[in-house]
Amino acid sequence: GDDDGDGFPDRPAPEAATRRDFERRPPALGATPSLLAELRTHYDVLPPVQQRMLYRHVRSTMLRQLISCDGAKTINDLIEVLEKEMKSGIPSPVPEWYKYSTVTMGPRKIGYDGCVNRNCPRTESHDQPRFANCSRCKVAIYCSRGCQRVDWKARHKKVCKQAAEDRERIVRVGKMMQGLSDVSLTGQDFGNLSGLNGMNYREARRNPVVRERRNQLRAEKKRPKGQPAEGPDPNFF
């Protein structure tokens, strides 16, 4: 499929709604040896600021696809991870602790997280426990209590409260968007959006079509890892 500007093909996310497509993903983001060679060449001619941006983009793309970048500090480290997966011909395994989120609007975990302590190269991986988040804001992710303590003193204590407030706003907007999505499934005409209220949302949640979509999402989430999906692919959108 088309890429998003980074040269890699389109990638379904590891969440319940797109789990089946994700399980059919090619290894190494669908990259080819020539694409990775071009990535190296392109990186070398960029100014330092753009090099950092490219490194962060590739790293975040890999993490979102459950490709661990644990310890990778340079673009060459990332490319070596992709080359290794490409040679194996098998996508990176999904850890047992990973949950395919049924949330389709708003904050949810998609893929791996990296430690947010500045300059820490640790990321989650399939053979290590999930990282913990800040118990106050639920946003900052840390590989260890040591990194959390360092980051708290350096910067997080200044932004933790605001991060928590921002997350709550995003949660509320996500629930509103989910309600609109549910109403749209019922076939109702939105008409004047200002006329939508809690009753519309509550009625939509009881609609058979909406309930069926939620049951399908839960089934995808609960399906044991490694167990093939059965039946035709559901349409969640």
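The side chain of Thr-123 makes a polar contact with the side chain of Ser-68, at 3.3 Å. A polar atom of the Thr-123 side chain also lies 3.0 Å from the backbone nitrogen of Asp-70. The model is predicted.

Where does Thr-123 sit? Its place is the loop between H4 and strand E1, residues 132-133. Is Thr-123 buried or exposed? Its relative accessible area is 1%, so Thr-123 is buried. Setting aside neighbours within four places in sequence, Thr-123 touches Arg-59, Leu-63, Ser-68, Cys-69, Asp-70, Asp-113, Gly-114 and Phe-131.

**Overall layout**

The protein has seven helices and two strands. Along the sequence they follow the pattern α-α-α-α-β-β-α-α-α. The C-alpha atoms fill a box of roughly 55 × 45 × 35 Å along the principal axes. Of the 237 residues, 36% count as buried. Take the contacts between residues at least 6 apart in sequence: 60% of them join residues at least 24 apart.

**Nonpolar cores**

In soluble globular proteins, nonpolar side chains tend to be buried together. Here the largest nonpolar core has 30 residues. Those with the most contacts inside this core are Phe-8, Leu-36, Val-58, Met-62, Leu-78 and Leu-82. At least two core residues come from each of helix H2 (33-44), helix H3 (48-64) and helix H4 (75-88). H3 supplies the largest share, five residues.

Which residues does Leu-82 contact, leaving aside its neighbours within four places in sequence? They are Phe-8, Ala-28, Leu-29, Leu-36, Met-62 and Ile-67. A second, separate core has 11 residues. Its members include Cys-115, Phe-131, Cys-134 and Tyr-142. Phe-131 is also one of the contacts of Thr-123.

**Two leucines with positive phi**

Most residues other than glycine have a negative phi. Leu-29 has a positive phi of about 65°. Leu-66 also has a positive phi, of about 60°. Neither leucine is a glycine, of course.

| Residue | Phi | Relative accessible area |
|---|---|---|
| Leu-29 | about 65° | 5% |
| Leu-66 | about 60° | 0% |

Leu-29 belongs to the loop between helix H1 (19-23) and H2. Buried means under 20% relative accessible area. Leu-29, at 5%, therefore counts as buried. Leu-66 lies in the loop between H3 and H4. With a relative accessible area of 0%, Leu-66 is buried too.

Leu-29 is also among the contacts of Leu-82. Leu-29 and Ala-132 are 103 residues apart in sequence. In space, their C-alpha atoms are 26 Å apart.

**Packing of H5 and H7**

Helix H5 spans residues 145-185, and helix H7 spans residues 208-222. The two pack at an angle of about 120°, with their axes 8 Å apart.

Which residues meet where H5 and H7 pack? H5 brings Gln-178, Ser-181, Asp-182 and Leu-185. H7 brings Val-209, Val-210, Arg-213 and Arg-214.

Conventions: Residues numbered from 1 in each chain as written. Predicted model: local features only at pLDDT ≥ 70, side-chain atom pairs only at ≥ 80, totals over all residues. Heavy atoms only, no water. Core = buried A, V, L, I, M, F, W, Y, C linked by side-chain atoms within 4.5 Å. Buried < 20%, exposed > 50% of the residue type's maximum accessible area, 1.4 Å probe, protein only. Helix = DSSP H or I, 4+ residues; strand = E, 2+ residues; numbered from the N terminus. Contact = heavy atoms within 4.5 Å. Polar contact = N/O pair within 3.5 Å; in protein donor to acceptor, adjacent residues only side chain to side chain. Axes fitted to C-alpha atoms, helices over the stretch in contact; angles between N-to-C directions.
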